Amino acid sequence: MDNLFLPGVSAARLREILEKAGGNEIASGKFASPQSSAALAANGFGWFLDRPGSLPAFPGLHDLDWPATRIDVERQMRFPWRGGRHPWLDAAVETANHLIGVESKRFEPFRVSKPAALSAAYDRDVWGEGMTPFLAMRDGLRAMPGRFRHLDGAQLVKHAFGLATEACRLGKNPVLLYIFAEPADVPAVRLRAHRAEIATFEAEVSGAKVRFGACSWREWISTWTGDAAAHGIALRETFAP
């Protein structure tokens with residue numbers, strides 16, 4: 001298992017985190033898969049756990065109050081009720097005034113898609129002000145469950161609801177970042193279709209309390225400098241994001 005973690009990433013610490021998180025990534029064997037999205041995210045963000053101030057700003061989010069003050073791999077954003085399932089994000093980044101929840105994708109957008117599904121639990125009037133665009137997206141996905149072929153819009157809506165709650169608890173501004181890989185063996189037409197759906201989603205939730213941003217892993221890694229640049233090279237060579 002340790003050989004699935006890159007140099008500079010604590011295998012013991014990441015194993016402990018992943019074993020406590022949702023998704024059952026290690027016990028199920030999914031983490032060891034050559035196509036594992038969880039392995040990319042854990043290695044990508046795990047290197048920064050003890051050096052949050054070294055985390056490079058995400059493309060499109062340079063205007064936030066960097067540097068980061070805390071990094072988490074696999075962090076739960078609880079809804080404002082007990083019981084039920086609460087969303088886990090692949091990573092979370094905190095600055096002095098912002099909470100950034102990160103959803104990472106690798107091959108998932110290019111597999112067989114599932115119709116969007118959002119239960120009646122998400123109709124509760126508990127999300128606070130400024131969430132109208134995400135409420136509209138929720139309702140639109142219910143009306144057209146198959147409108148996105150590559151983007152899991154329902155998952156992003158759920159994450160936004162969880163972030164709205166957690167950020168309110170912390171007194172911070174919520175941001176949802178969608179970071180994605182573009183595998184070389186996926187046809188270019190599908191990569192473009194994925195980006196087009198991201199742009200549509202971003203436009204439709206613009207102005208919400210939970211700010212939405214997106215970038216590719218390659219775009220982000222290309223900005224890394226210093227010691228982080230060497231880690232970025234190792235990420236590319238291992239996972240080819």
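Colleague: Over the ring of which residue does the charged end of Arg 124 sit?
Modeller: A charge sits over a ring if NZ of Lys or CZ of Arg is within 6 Å of the ring centre and within 35 degrees of the ring normal. The charged end of Arg 124 is 3.9 Å from the centre of its ring. That ring belongs to Trp 81.

Colleague: Before we go on, what kind of model is this?
Modeller: Residues are numbered from 1 along each chain as its sequence is written, and side-chain values use heavy atoms, with hydrogens and water left out. Local features need pLDDT of at least 70, side-chain atom pairs count only at pLDDT 80 or more, and totals for chains, interfaces and linings use all residues, as the model is predicted.

Colleague: How many aromatic pairs are there?
Modeller: Rings of Phe, Tyr and Trp (its six-membered ring) pair if their centres lie within 6.5 Å; planes under 30 degrees apart count as stacked, over 60 as edge-to-face and the rest as tilted. With this rule, the count of aromatic pairs is 19.

Colleague: Are the rings of Trp 47 and Phe 48 stacked or edge-to-face?
Modeller: A pair of rings is described by the distance of the centres and the angle of the planes. For Trp 47 and Phe 48 the centres are 5.0 Å apart and the planes stand at 80°, so this pair is edge-to-face.

Colleague: Are Trp 47 and Phe 48 buried or exposed?
Modeller: Buried means under 20% relative accessible area, exposed over 50%, and partly exposed in between (1.4 Å probe, protein chains only). The charged end of Arg 51 sits over the ring of Trp 47, 3.9 Å from its centre. Both Trp 47 and Phe 48 are buried.

Colleague: What is the angle between the planes of Trp 127 and Phe 161?
Modeller: The rings of Trp 127 and Phe 161 are 4.3 Å apart centre to centre and count as stacked, with an angle between the planes of 5°.
The pair links distant parts of the chain, with Trp 127 in the loop between strand E3 (98-105) and helix H3 (132-143) and Phe 161 in helix H4 (residues 153-170); helices (H or I, at least four residues) and strands (E, at least two) are DSSP runs, numbered from the N terminus. Both residues, Trp 127 and Phe 161, are buried, and the angle between their planes is 5°.

Colleague: What is the volume of the largest pocket?
Modeller: On a 1 Å grid over the protein atoms alone, a pocket is an open set of points where a 1.4 Å probe fits, with protein on both sides within 12 Å along at least five of seven lines; lining residues have an atom within 4 Å of a point. Grid points are joined across faces, edges and corners, and a volume is the space filled by probe spheres set on the points. For the largest pocket, this gives about 1500 Å³.

Colleague: Which element gives the largest share of the lining of the largest pocket?
Modeller: The lining has 45 residues, and Glu 103, Lys 105, Glu 108, Asp 152 and Gln 155 lie nearest the centre. Helix H2 (37-46), strand E2 (88-94), E3 and H4 each give two or more residues to the lining. The largest share, five residues, comes from H4.

Colleague: How many residues of H4 are buried?
Modeller: H4 has 18 residues and reaches 25 Å from its first C-alpha to its last, close to the expected 26 Å, where the expected span is 1.5 Å times one less than the number of residues. Just after H4, Gly 171 takes a positive phi of about 75°. H4 is mostly covered, and the number of its residues that are buried is 13.

Colleague: Which residue does a cis peptide bond join to Trp 66?
Modeller: The omega of this bond is about 15°.

Colleague: What is the relative accessibility of Glu 74?
Modeller: Glu 74 is in strand E1. Its phi is near 60°, a positive value in a residue other than glycine. Glu 74 counts as buried because its relative accessibility is 13%.

Colleague: Why does Arg 149 count as exposed?
Modeller: Arg 149 is in the loop between H3 and H4. Arg 149 counts as exposed because its relative accessibility is 53%.
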